[in-house]
Number of protein chains: 2
Amino acid sequence: MDKKIVIVGLGLIGGSMAKAFKEYTDYTVCGIDTDKNVLKSAVECGAIDKIGNNEDIKSADIIYLCLYPKADIDFVNSHADLIPSNCIVTDTCGIKSEICAHLPIIAKEHGFTFIGGHPMAGKEKSGFYASEAELFAGASYIIVPCGAPRKAIDLLTVISVKLGFGGTVITTPEHHDRMIAFTSQLPHVLACAYVMSPCCKEHVGYSAGSYRDVSRVANINEKLWTELFTDNKKSLVKELDILINNITDIKNAVENCDDNLLRELLKKGRLIKEGLGE
Amino acid sequence: MDKKIVIVGLGLIGGSMAKAFKEYTDYTVCGIDTDKNVLKSAVECGAIDKIGNNEDIKSADIIYLCLYPKADIDFVNSHADLIPSNCIVTDTCGIKSEICAHLPIIAKEHGFTFIGGHPMAGKEKSGFYASEAELFAGASYIIVPCGAPRKAIDLLTVISVKLGFGGTVITTPEHHDRMIAFTSQLPHVLACAYVMSPCCKEHVGYSAGSYRDVSRVANINEKLWTELFTDNKKSLVKELDILINNITDIKNAVENCDDNLLRELLKKGRLIKEGLGE
């Protein structure tokens with residue numbers, strides 16, 4: 001059955017969602033963005049069927065919010081009256097507690113369904129022109145139900161398979177944000193902190209895979225990540241404290257030339273990594 | 001002209017050197033190792049022409065030391081009387097100050113040439129069975145001349161091209177170790193410290209490229225890296241202090257919800273990374 005998909009925000013994630021929907025489904029894809037050039041390009045390259053308007057929102061089956069967290073909430077607030085009761089509204093933000101504190105309430109008041117979502121994919125470049133249909137290939141799609149009915153969750157799962165995701169995980173906003181602080185936010189903090197060493201500018205010729213991997217995501221979108229970090233302050237600060245303590249333990253063992261302790265600490269890291277079968 | 005190459009230690013690096021010599025040159029390759037099974041396998045798979053003995057050392061053109069730092073020094077000490085005066089002895093260790101404080105002196109006393117070397121390649125697995133001829137493809141080969149004649153340095157450069165390296169860099173032991181503390185040792189400390197978070201064991205489904213990249217080298221050989229870290233204590237501790245301070249600055253900005261400062265810090269990281277054209 002044909003469905004109408006409205007994608008709000010055609011950046012890296014929204015643009016890639018649009019392209020993936022066009023590539024892998026027969027659904028009608030409407031795109032909304034404040035940048036007219038992006039909308040024009042999206043129509044021209046076939047990433048969307050049409051530029052979305054209020055009428056499309058009124059007849060949408062699913063609305064994917066692909067803006068920054070606060071902008072997603074603002075968009076739903078200002079368009080809630082238009083959203084039909086059989087519509088699923090879902091987001092793609094990197095944090096969930098803030099989104100899930102607001103959108104399920106608005107959804108309930110207006111009779112539509114809200115489900116939090118987080119496609120675990122990205123790249124070092126942002127914006128529509130970096131988007132691609134294959135961005136989600138094999139990636140995890142995290143679903144945060146917020147009390148939504150099973151049928152709606154199943155539909156998002158079915159769609160995630162069509163779009164190429166490798167599997168879904170269902171969890172709470174709090175658990176999501178605690179895990180993301182570790183798996184995603186910490187590496188982004190690290191990358192920025194790492195390249196600030198005065199040695200960084202001279203690295204060519206002295207570096208290989210280790211440098212490349214730790215520094216990769218230093219090419220950060222500081223506006224987006226500032227919002228993601230402060231919205232997840234508690235979990236991120238906790239993970240940063242754990243990391244700083246663990247680095248400091250290793251540093252002290254090196255500084256004291258305590259070979260036995262240093263070997264034990266490194267072995268502990270190795271055993272954890274090996275225990276994961278990685 | 002045919003040359004006799006003696007490789008001491010057929011682990012990941014020595015084994016890969018042997019295989020690369022056999023794959024890309026016509027030189028005669030002799031292998032020395034304390035593990036008889038490794039020697040047998042190396043002969044059987046054609047990684048070496050023969051098991052090396054004292055006679056081979058007496059007629060070697062180049063000896064590649066591929067043991068741990070202290071073991072390299074011990075090997076040269078106990079075989080110095082056998083090494084001919086036209087022979088180049090070079091190592092492959094990840095740190096250079098310690099090696100270069102000893103081996104050039106022994107070389108001078110016995111009339112042979114010593115040149116420090118560091119092939120900037122590796123992988124998450126160690127040992128002969130993980131070795132491969134292509135390990136050095138495109139990698140940087142760092143040469144630390146320690147006063148060796150230009151002709152000998154040129155020969156190692158010519159060989160590095162034959163073995164598939166992407167380019168050579170010539171520097172001092174001190175500069176090498178300062179750079180390696182940043183480019184290689186810091187990411188290894190980080191990987192071990194990172195996986196120690198209680199969240200790590202639950203990461204599947206919540207992680208993507210950022211987790212994979214930072215944790216990759218946690219599969220560490222703790223015996224080797226304990227020696228490399230403590231031998232480079234001064235530079236490594238300095239880099240760890242810089243990193244801890246930079247992480248702490250970002251953490252404080254998050255904790256204080258200081259959006260302006262946080263954006264500025266992340267932007268600083270981005271501009272450094274972009275400035276490198278990466």
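Within strand β6 of chain A, A:Phe114 is the bridge partner of A:Val89. That pair belongs to a parallel pairing of β5 (residues 88-91) with β6 (residues 113-119) in chain A, made over three bridges. Please keep in mind that this is a predicted model. A:Val89 also turns up in the largest nonpolar core, among the residues with the most contacts inside it.

**The sheet**

- In chain A, eight strands make an open sheet with mixed pairing, and their order is β3-β2-β1-β4-β5-β6-β7-β8.
- The edges of this sheet are β3 (50-51) and β8 (167-170) of chain A; each has a single partner strand, so one side of each is left without a neighbour in the sheet.
- Helix α4 (residues 69-79) of chain A lies across β1 (4-8), β4 (62-65) and β5 of chain A, and runs at about 145° to β4(A).

**A closer look at β4 in chain B**

- On one side, β4(B) is joined to β1 (residues 4-8) of chain B by four bridges, with the two strands running parallel; here B:Val8 has B:Leu65 as its bridge partner.
- β4(B) also pairs in the parallel sense with β5 (residues 88-91) of chain B, over four bridges, and B:Thr90 in β5(B) stands opposite B:Tyr64.
- In a regular strand, side chains alternate between the two faces of the sheet.
- In β4 (residues 62-65) of chain B, B:Ile62 and B:Tyr64 point one way while B:Ile63 and B:Leu65 point the other way, and all are buried.

**The nonpolar core**

- The largest nonpolar core has 184 residues, and those with the most contacts inside it are Ile7, Ile63 and Val89 of chain A together with Ile7, Ile63 and Val89 of chain B.
- Leaving aside residues up to four places away in sequence, B:Val89 touches B:Ile63, B:Leu65, B:Val76, B:Ile83, B:Leu103, B:Ala107, B:Phe112, B:Thr113 and B:Phe114.

**How the two chains meet**

- Contacts link 76 residues of chain A with 76 residues of chain B.
- On the side of chain A that touches chain B, the elements giving two or more residues are β7 (140-144), β8, α7 (173-195), α8 (209-215), α9 (222-231), α10 (233-255) and α11 (259-275) of chain A.
- The residues on that side of chain A divide into 42 nonpolar, 17 polar and 17 charged.
- Of the interface residues of chain A, 100% are also interface residues in chain B, so the copies meet through the same surface.

Terms used
Residues numbered from 1 in each chain as written. Chains lettered and ligands numbered in written order. Predicted model: local features only at pLDDT ≥ 70, side-chain atom pairs only at ≥ 80, totals over all residues. Contact = placed C-beta atoms within 7 Å. Pairing = 2+ DSSP bridges. Axes fitted to C-alpha atoms, helices over the stretch in contact; angles between N-to-C directions. Core = buried A, V, L, I, M, F, W, Y, C linked by C-beta atoms within 7 Å. Buried ≥ 20, exposed ≤ 12 C-beta atoms within 10 Å, placed from the backbone. Nonpolar A, V, L, I, M, F, W, Y, C, P; charged D, E, K, R; others polar.
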